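Welcome! Here is a short tour for anyone meeting this protein for the first time. Have a look at the sequence and the structure, then read on.

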Amino acid sequence: MKQVILETAGLTKSFDKGNAVLNKIDFSIHQGEVVVIVGPSGCGKSTFLRCLNLLEEADSGEILLEGKLINQEKKNVHKYREQIGMVFQSYELFPHKNVIDNVCLAPLLVQKRNKDEVKEEALKLLKRVGLLEKAESYPRQLSGGQKQRVAIVRALMMHPKVLLLDEITAALDPEMVREVLQVVLELAKEGMTMVIVTHEMEFARAVADRVIFLDRGEILEEEKPEEFFTCPRTERAKKFLNTFHYE
Ligand code: ADP
Ligand code: MG
């Protein structure tokens, strides 16, 4: 059995003393595994990823990275977050920095790595996602799909132990969705450990080793993709999948 990379036990989160947005989530992902989380809007998917990445503080429960408890000490948050990459729907690139500077910034400033080595790796990764000729461009000169591929490269530059992707194609025009999902499929093939939130059901089916259906802050189903997409067990999952006219 492969090593568990990231794990939660009883993870619970609410905002403003309201109902729990996440209710006792027990979750784990192994080395090289791809877990896709699907569920209706507002069910807690983004909150879950943000808790995993320590961008939100859970009310209770544990988060373990390679077996080490990471959510109960304040001082090492940055150290752990570096190891858990995240890509957002909105890219979050620095507008005043060009592509190469965007992707090299954190490895140089935070990880204090060697400049030549970092630049070499950046160019290699940009080439891999088809953006070598855009290395000197600024974000405003790029399409949404190109910006998102830069954001993926930026996350990879930190050599994360796991990558969290939160609806990274949701803001893209249809013709650009494909080029971004293709990069993610390749990462999966290469063995990148990933937790992916997406509404692209065909992609989910193709990329996932396991699908989690989250509804109202609880894991209602956890299945192999073939099983989840062909015969979901719960009525709520059936209803959810029907909204996609998924065959
Ligand atoms: P999803 O990503 O599945 O659409 P979210 O995790 O964004 O869902 O949101 C889950 C619930 O938590 C929603 O009801 C949302 O309104 C609420 N929520 C998310 N972030 C905050 C916040 N910062 N403050 C208050 N409520 C929030
Ligand atoms: Mg969301």
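Let us begin with charges: the count of salt bridges in this structure comes to 15. Please keep in mind that this is a predicted model.

**A salt bridge to look up**
- One pairing is between the side chains of Lys161 and Glu66, with 3.1 Å from N to O.
- Lys161 sits in the loop between α5 and β7, while Glu66 belongs to the loop between β4 (60-65) and β5 (68-69), so this pair ties together parts that are 95 residues apart in sequence.

**The six-stranded sheet**
- Six strands form an open sheet with mixed pairing, in the order β6-β7-β8-β3-β9-β10.
- The edges are taken by β6 (84-87) and β10 (218-223); each has a single partner strand, so one side of each is left without a neighbour in the sheet.
- On average, neighbouring strands here are turned by 20° against each other, direction ignored.
- β6 and β7 (residues 162-166) run parallel and are joined by four bridges.
- Within that pair, Gly85 is found opposite Leu163 in β7.

**Helices on the sheet**

**The hairpin of β1 and β2**
- Strands β1 (residues 4-14) and β2 (residues 20-30) run antiparallel, with seven bridges joining them.
- A pair to look for is Leu11, which stands opposite Ile25 in β2.
- Five residues lie between the two strands of this hairpin, and Asp16 takes a positive phi near 50°.

**The cavity**
- Rolling a probe the size of a water molecule over the atoms shows where empty space is left.
- Searching the whole structure turns up one cavity of 30 Å³ or more.
- The largest cavity holds about 50 Å³ of space.
- Its lining is made of Leu125, Arg128, Val129, Leu156, Val183, Glu186 and Leu187.
- Both α4 (115-128) and α6 supply at least two residues of this lining, and α6 gives the most, with three.
- By class, the lining of the cavity has five nonpolar residues, no polar ones and two charged ones.

- The volume of the largest pocket is about 580 Å³.
- Lining this pocket are 18 residues, and the closest to its centre are Arg81, Met86, Ala106, Arg154 and Met158.
- Four elements each supply at least two residues of the lining of the largest pocket: α2 (77-83), β6, α3 (99-109) and α5 (144-156).
- That lining divides into 10 nonpolar, four polar and four charged residues.
- Of the 13 residues that line the second largest pocket, Leu54, Glu57, Asn71, Lys74 and Val77 lie nearest its centre.
- Six nonpolar, two polar and five charged residues make up the lining of the second largest pocket.

Conventions: Residues numbered from 1 in each chain as written. Chains lettered and ligands numbered in written order. Predicted model: local features only at pLDDT ≥ 70, side-chain atom pairs only at ≥ 80, totals over all residues. Heavy atoms only, no water. Pairing = 2+ DSSP bridges. Axes fitted to C-alpha atoms, helices over the stretch in contact; angles between N-to-C directions. 1 Å grid on protein atoms, 1.4 Å probe; cavity = no way out; pocket = protein on both sides within 12 Å on 5 of 7 lines; lining within 4 Å. Points joined across faces, edges and corners; volume = space filled by probe spheres on them. Nonpolar A, V, L, I, M, F, W, Y, C, P; charged D, E, K, R; others polar. Salt bridge = Lys/Arg side-chain N within 4 Å of Asp/Glu carboxyl O.
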